[in-house]
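Biologist: Could you walk me through this model slowly, please? I am new to reading structures.

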Amino acid sequence: MIKLLRPLNRKLLRDLWAIKGQALAIAVVIGCGVGMYLMSRGMLLSLAETRAAYYERYRFADVIAPVKRAPEALLEEISALPGVRRAETRIRAGVILDVEGSSAPITGEIQSLPVIPTPHINDIVLRRGRYPDPQHEEEVLALDAFTEAHELGPGDHIYAILNGTRKRLTISGIVLSPEYIYAISPGEIVPDKKRFGVLWMNRDALANAFDLDGAFNEAVLLTSASSSEDALIERLDSLLKRYGATGAYGRDQQISDQFLTNEIKQLETIGRILPPIFLLVATFLLNVVVGRLIDTEREQIGLLKAFGYTDRAVATHYLKMIGVIVVVGILIGVALGTWLGRGLANMYQDFFKFPFLLFRAPLQVYLVAIGISLLVAVAGTFSSVRRVMRLHPAVAMIPPPPPDYSRSARWIEHLSGWIDQPTRMVLRHLYRWPRRAAMALLGIAMSMGLLIGASFSMDAMMYMVDISFNVIDRQDVTVNFFDPRNDRAIYDVLHAPGVITAEPFRAIPVVLRNGPRMRRESIVGLSPGAELSRVVNTNLQPVPLPPQGIVLSDKLAQLLQVGPGELLRVEVRTGRRPELDIPVSGVVKTYMGTAAYMDLDHLNELLREDTAINGTYLLVDPQKTDALYRELKNTPLVAGVSLQEEAQNAFYETLQDSLGTFVFFNTLFAGLIAVGVVYNNARISLSERGRELASLRVLGLTRGEISYILLAELAFLTLLALPLGAMLGYLLAATLVKSFDTELFRIPLVISPSTYGYAALVVLLAAIGSGLLVRRRIDTLDLVAVLKTRE
Amino acid sequence: MESEVTTSTTAAFRAEGLTKVYGTGEATVYALRGVDLEVPPGEMVVLLGPSGSGKSTLLNILGGLDSPTSGRVFFGTRELTAFDDRHLTLFRREHVGFVFQFYNLIPSLTARENVGLVTEIARQPMPPEEALGLVGLEQRMDHFPAQLSGGEQQRVAIARAIAKQPNVLFCDEPTGALDSTTGIVVLEAIARVNRELNTTTMIITHNAGIAAMANRVLYMADGQIQKIERNPTPCAPDQLSW
């Protein structure tokens, strides 16, 4: 086949073969950038598209309006509101579930199924089994994730505490729902398949259980595209006010959708920040490698031109070489991106429950990736190729004069007495080619920065969890009651086995307004001397709740653009529904959610109600949890129980699964960049200085001594790159932290020393590995050739 | 490797049946075909011969850069052909000076520093300044290679080669890249070193005129020494007919 090629193309293939290691290193770096882009961008689009299709096909509600109890007849009025395409009513309530083999009570939700078997809005996907038989009250549908976690199937039984009554239910079918793609219990931060279950029950049966015959407690609506959702929500709120509405909300406030949006946002951030870093490094590498390759081929270029090859033909020759590297890079990237994308899609499929999720990056994503890679190639090699064009054959064939080092730095001269000649060579070489040194330095630093940026999120998450669970919310168990109770309820709980301390809380639904800015939130009332669930100031010091006013989490204060001392309009959506102007008395640090706090007594005073509570925080004796759980499962007033330790474990597990994989791949990529940069530099230095080094060998310098000359420069640059890399890593982490700042959670900018150390270690290992590879080549330098060849 | 002063009774170099074969099968090339040789210490030897006659191969083997396919080489009383790579490196480091056709100076070091590169690792070196003085470059010591002419660069290379006070100096086409005037200046430097330091010197050249300054001239062809001429009255380099 070689024979069929024109000589210049044969030279191309052989040249490429000669620099295969370096060419591959560059191609891999390009491939990482392209792959990362394809993966994140493709996954983002696949996820968004899947979500849209899922919502569309199963008619996920645009607006959800919970009430305490409203007559079914109201549906007509709701449907008649302008902007409503269709409305349905339903019953949705919290339940405590009890599954054999799980001692801890499980928090869940139960929903009504209309008599006609499938709901029109918020339809469900029947995976296995069948819809409940209307004649059998005890039959229910159950959410796939939950049944999977407990290995339950159609025909299996489950116990639920419905409005204080324990019932044995039979699972008739397993379903998915667009409402529970991210199946998470309210108030938690990560989904826990085992600890959150959702059931669907025939409407009549559920209405019986909750005393809602001929009534509903939630309306779900589809809106017409042209109408204003805000206006509709206002109308709904005023219509439903009398029925104990806590406030209608749009799909974007629905918890599963919020988390999904958050995930998509993170993918977008990754796709925006990381691939450019890889491609920038690839640009550097191309610039360095091709530039220096052309320098070493100066004479050949002159010769080709002297033979009559045109400037363009010679430049095309080098462009082809660059083209091959870039095309290989793109191929690696496409394969890598598709592979990673499929893997990620599987992970998401497992994590989020979609009836279908295919990783399919549209053609334009591929085209953008390819286009960007070509841009990288042009940017990286433009000046080198132009140099090829401009080189005159006569000039090129005369060996270049020895590079002039006479204008080297004064300070090197001042060191004369201190350093030996090899070290002087290293320093002068660095000083003579500062741009080259800077590029190598920056390349190594970037790989380290990327490592830090990729792995710091673990530190930050751990820190966040530590602060959230060990400083802010220190309770072991949170018990929610069905209705506000007199605070004497706490004594009932205190008598439960294993309870060491109990602290009451009250959460009330409110709408907070500051001018045009409005948020639907809960205000949590805490007892003044609370020791379990506390608030912390921005220095993470626990602070007592002020007896007056409202305390906001920093994120909420930012969203409402309100600060301490300013008045906030609080529209209470429960009880007598007062509207109050309350001064902001403090801003506290939270990493999760957008909480608002008040002194419990003050809150009840403002509501003009006797001391009432929604639940308690408990500190429990770990030896006696089983007994406590049994008691809680059988206490009628308990609507939900969340267990701190389980939540923490679920968080760590999720972290390991998702973030761990992400960190692993990034470490791999960053390691590849480090090797790519360091190896390329060492390799090129060797080919440029091979003659010089071989002469020194002839003069009697040992392999170790000449390795020093070559590798000391690399070591120097690598060591210099470490602090710079740490800085770049910090900046990258800060950028990521900023873009991950959402209502759901904020990641603190915390980078542990071990992360810096780990990143430095990977870079050093990459450098040492590259050094050893090059060192092996030093051992095979041809000493004899040196005597004869000129440069 | 311990330094050992070669006495006049021992040859500086002795080679027995040196053969060097490159390649195998059809591509086999005999660079040396059974060369026997003795070089007395302190002599100036010139190797003459056409390209491919084996001059460089012989020089490389004597200088410890290459090893013969068969045959033995003795440096003084020690057998070079029995040395491993590490000992060959030490041998070059302590006993041998090389001068290349294309100077091979380190561009990032000044003339003085290029010499210093070798004196730093040698056992009994002369100061770099003294070595540069021997080749007449006292005034150019702090110049970089880029600031020196070809002849000056070659003289720095000679200073670098002799600063360690080697037992032997190998020069492979030392004047090959120089014009005649400059070439003579370089040869004068080599002759002076040979005379004043008693360094055994071997020069490879295409230029038959240079032979007149040698004590001994080896004519090589086809990998063999065809003829050895002894010259009882070597002339000074400036007397050479170029």
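Biologist: To start, at what angle do the axes of helix 5 of chain B and helix 6 of chain B cross?

Modeller: This is a predicted model, in which local features need pLDDT of at least 70 and side-chain atom pairs count only at pLDDT 80 or more, while totals for chains, interfaces and linings use all residues. Residues are numbered from 1 along each chain as its sequence is written, and chains are lettered from A and ligands numbered from 1 in the order in which they are written. As for your question, the axes of helix 5 (residues 150-162) and helix 6 (residues 180-197) of chain B cross at roughly 15 degrees and come within 9 Å. That makes helix 5 of chain B roughly parallel to helix 6 of chain B, since angles under 35 degrees count as roughly parallel, over 145 as roughly antiparallel, 65 to 115 as roughly perpendicular and the rest as oblique.

Biologist: What do you mean by a helix and an axis here?

Modeller: Helices (H or I, at least four residues) and strands (E, at least two) are DSSP runs numbered from the N terminus. Axes are lines fitted to C-alpha atoms, for helices over the stretch in contact, and the angles run from 0 to 180 degrees between N-to-C directions.

Biologist: Which residues make the contact between those two helices?

Modeller: From helix 5 of chain B they include B:Gln154, B:Arg155 and B:Ile158, and from helix 6 of chain B they include B:Val186, B:Ala189 and B:Val193. Two residues are in contact if their C-beta atoms, placed from the backbone, lie within 7 Å. By class, this contact of helix 5 with helix 6 of chain B has eight nonpolar, four polar and one charged residues, where Ala, Val, Leu, Ile, Met, Phe, Trp, Tyr, Cys and Pro count as nonpolar, Asp, Glu, Lys and Arg as charged, and the others, Gly among them, as polar.

Biologist: Switching to chain A, how many helices and strands does it have?

Modeller: Chain A has 22 helices and 22 strands, and its C-alpha trace spans about 100 × 60 × 50 Å along its principal axes. Of its 791 residues, 47% count as buried, and a residue is buried if 20 or more other C-beta atoms lie within 10 Å of its own, exposed if 12 or fewer, and partly exposed in between, with C-beta atoms placed from the backbone. Among contacts in chain A between residues at least 6 apart in sequence, 83% join residues at least 24 apart.

Biologist: Is A:Ile270 buried or exposed?

Modeller: A:Ile270 is buried, because 23 other C-beta atoms lie within 10 Å.

Biologist: How do helix 19 and helix 21 of chain A pack?

Modeller: Helix 19 (residues 644-698) and helix 21 (residues 753-778) of chain A pack at an angle of about 30 degrees, with their axes 8 Å apart. That makes helix 19 of chain A roughly parallel to helix 21 of chain A. By class, their contact has 15 nonpolar, five polar and two charged residues.

Biologist: And how are helix 13 and helix 20 of chain A placed?

Modeller: The axes of helix 13 (residues 421-432) and helix 20 (residues 703-739) of chain A come within 9 Å and cross at roughly 40 degrees, and the two helices are therefore oblique to each other. Among the residues that meet there are A:Met425 and A:Val426 of helix 13 of chain A and A:Ile709 and A:Phe716 of helix 20 of chain A.

Biologist: Which residues of helix 18 of chain A are buried?

Modeller: In helix 18 (residues 625-633) of chain A, they are A:Leu628, A:Tyr629 and A:Leu632. Seen down the axis of helix 18 of chain A, they fall within an arc of 100 degrees, so they line one face of the helix; the arc is that of the directions from the helix axis to the C-beta atoms.

Biologist: Last topic, then: how many residues does each chain bring to the contact of chain A and chain B?

Modeller: Chain B brings 26 residues and chain A brings 25 residues. Helix 3 of chain B gives the most to the side of chain B that touches chain A, with four residues.
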